[in-house]
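Subject: Structure handover

Hi,

Here is the structure I promised to pass on to you. Have a look at it first, and then read on for what I found in it.

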Amino acid sequence: MTAPRLRLLSAALCASVALTGCASWFSGDGRPQPTPLTTLSQSQNPELLWRVDVAKNSAEGVFQPAVIADRVWVSSENGEVLELDSDSGRVIQRLTLKQDLAAGIAANADHFYVITKQAKLMAHLRADGSARWTVTLSSLPTSPAQVAGDKVIVQTQDGRVSAFDSRDGRQLWVYQHNLPALTVRHSGSLQALGGEVALLGMSGGRLGVLNLASGELIWESAVTLPRGATELERIADVASPPVFDGNMVCAVAFQGRVACLDAKSGTPMWSRELSSSRGLTFDARLLYVTADDGTVHAFDRYSGTPMWKQEGLRYRGVSAPALLNGQVLVYDAEGY
């Protein structure tokens, strides 16, 4: 079984009255063809430790597992929630909520949290799945809720970040930034760091750090600046979660740059031209980022010097990179 193909953002502008050069407007989709995969002589054979099938989700939802201690929590659009043993994949608990879900799942020691298609954030007891509280959000989420200390943090499509008390759902604060006329649909650009601060990627190529106690912006800085004559050309959103390590914060913008900044002040350390809404990660030495065309880049994380580029997966709908035992892992739209 293969993963569903990812949609690519594309636009065509034709100045000629006869639409010369725009035949794909009427026939075909005009997108670049995926790079054919080459035959590999595998140097390593990864072992599948376990597998659990869950209900299929549509492209509109934003779902990812939550790992809490030795448990993995997963949810599905139809309201199914599974609690799994992280070592064996054994199903410890299977719950069916009477709600269609738009996002999930987050969890802490006592509760798990999901968001419905009616933009309701719901808290349930981990022990038996019973509902504890429900609050209505201002719009649908861009990503699953995040647990940050004693708070549940939610980023929504109207440009708001809202914080709720994880025990009773009481709203604690709201931070809102203005949205431009056009933005990139994405699966979240908020990254809570413990219970004190959260990194927030914003439209217009901005990156900020939020104080989770008050919702106030500690600092805001530009990853990139919008450029171009039209609204479409000027889209420059930080559309994936920023990453933090030590004294450094790094982020990447669609139609913009990848950049690393000083974590305390937001002062830029370096930046390079690169468009991505996919995401990035880093280790002790290198920063890895998947560009929107599917190429995977590695930069020296302290200087921004390009170290290598993998072009063999261009136009294959490549995911953000992940690290495992010294390897960089990505998957493509066909499930490889």
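This is a predicted model: local features need pLDDT of at least 70, side-chain atom pairs count only at pLDDT 80 or more; totals for chains, interfaces and linings use all residues.

To start with something you can look for yourself: which strands each supply at least two residues of the lining of the second largest pocket? They are β25, at 306–310, and β27, at 327–329. Of these, β27 gives the largest share of that lining, with three residues. The second largest pocket holds about 1,200 Å³ of space. Its lining counts 25 residues, and Leu40, Gln42, Val328, Leu329 and Val330 are the ones nearest the centre. Sorted by class, you get 13 nonpolar residues, ten polar ones and two charged ones.

The pLDDT of the protein averages 87, and 89% of the residues reach at least 70. Residues 1–27 are where to be careful: the pLDDT there is below 50, and the stretch makes 20 contacts in the model beyond near neighbours in sequence. Among the elements, the mean pLDDT is lowest in strand β1 (residues 62–63), at 88, and highest in strand β24 (residues 296–300), at 98.

As for secondary structure, you will find 27 strands and zero helices. The protein has 336 residues, and 43% of them are buried. If you take the contacts with a separation of 6 or more, 39% of them link residues 24 or more positions apart. The exposed surface comes to about 17,900 Å², with carbon and sulfur atoms supplying 50% of it.

Ser75 belongs to strand β3, which covers residues 71–75. Its relative accessible area is 7%, so Ser75 counts as buried. Setting aside residues within four places in sequence, Ser75 has contacts with Asn57, Phe63, Glu80, Val81, Leu101, Gly104 and Ile105.

Ile105 is part of strand β6 (residues 101–107).

His124 is in strand β8, residues 120–125. Is His124 buried or exposed? It is buried, because its relative accessible area is 4% and the cut-off for buried is under 20%. Not counting residues up to four places away in sequence, His124 touches Leu97, Asp110, His111, Phe112, Val114, Gly129, Ser130, Ala131 and Arg132.

Ala251 lies in strand β19 (residues 248–252). With a relative accessibility of 1%, Ala251 is buried too. Beyond its neighbours within four places in sequence, Ala251 has contacts with Leu207, Val223, Val238, Pro242, Arg257, Val258, Ala259 and Leu280. One of these, Val223, is 28 residues away along the chain, and the C-alpha atoms of Ala251 and Val223 are 7.0 Å apart.

Asp168 is in the loop that runs between β12 (160–165) and β13 (171–176). A relative accessible area of 44% makes Asp168 partly exposed. Between the C-alpha atoms of Asp168 and Val135 there are 9.7 Å, while along the chain these two are 33 residues apart.

Tyr315 can be found in the loop between β25 and β26 (322–324). Tyr315 is not a glycine, yet its phi is positive, at about 65°. Its relative accessible area of 31% puts Tyr315 in the partly exposed class.

Asn325 sits in the loop between β26 and β27. Here too phi is positive in a residue other than glycine, with a value near 50°. Why does Asn325 count as exposed? Because its relative accessible area is 75%, and exposed means over 50%.

Cheers

Definitions and conventions
Residues are numbered from 1 along each chain as its sequence is written. Side-chain values use heavy atoms; hydrogens and water are left out. pLDDT is the predictor's confidence in each residue, from 0 to 100. Helices (H or I, at least four residues) and strands (E, at least two) are DSSP runs, numbered from the N terminus. Contact means heavy atoms within 4.5 Å. Buried means under 20% relative accessible area, exposed over 50%, partly exposed in between (1.4 Å probe, protein chains only). Accessible areas come from the Shrake-Rupley method with a 1.4 Å probe; for residues, only the protein chains shown count as cover. On a 1 Å grid over the protein atoms alone, a cavity is a set of points where a 1.4 Å probe fits but cannot get out, and a pocket is an open set with protein on both sides within 12 Å along at least five of seven lines; lining residues have an atom within 4 Å of a point. Grid points are joined across faces, edges and corners, and a volume is the space filled by probe spheres set on the points. Ala, Val, Leu, Ile, Met, Phe, Trp, Tyr, Cys and Pro count as nonpolar, Asp, Glu, Lys and Arg as charged, and the others, Gly among them, as polar.
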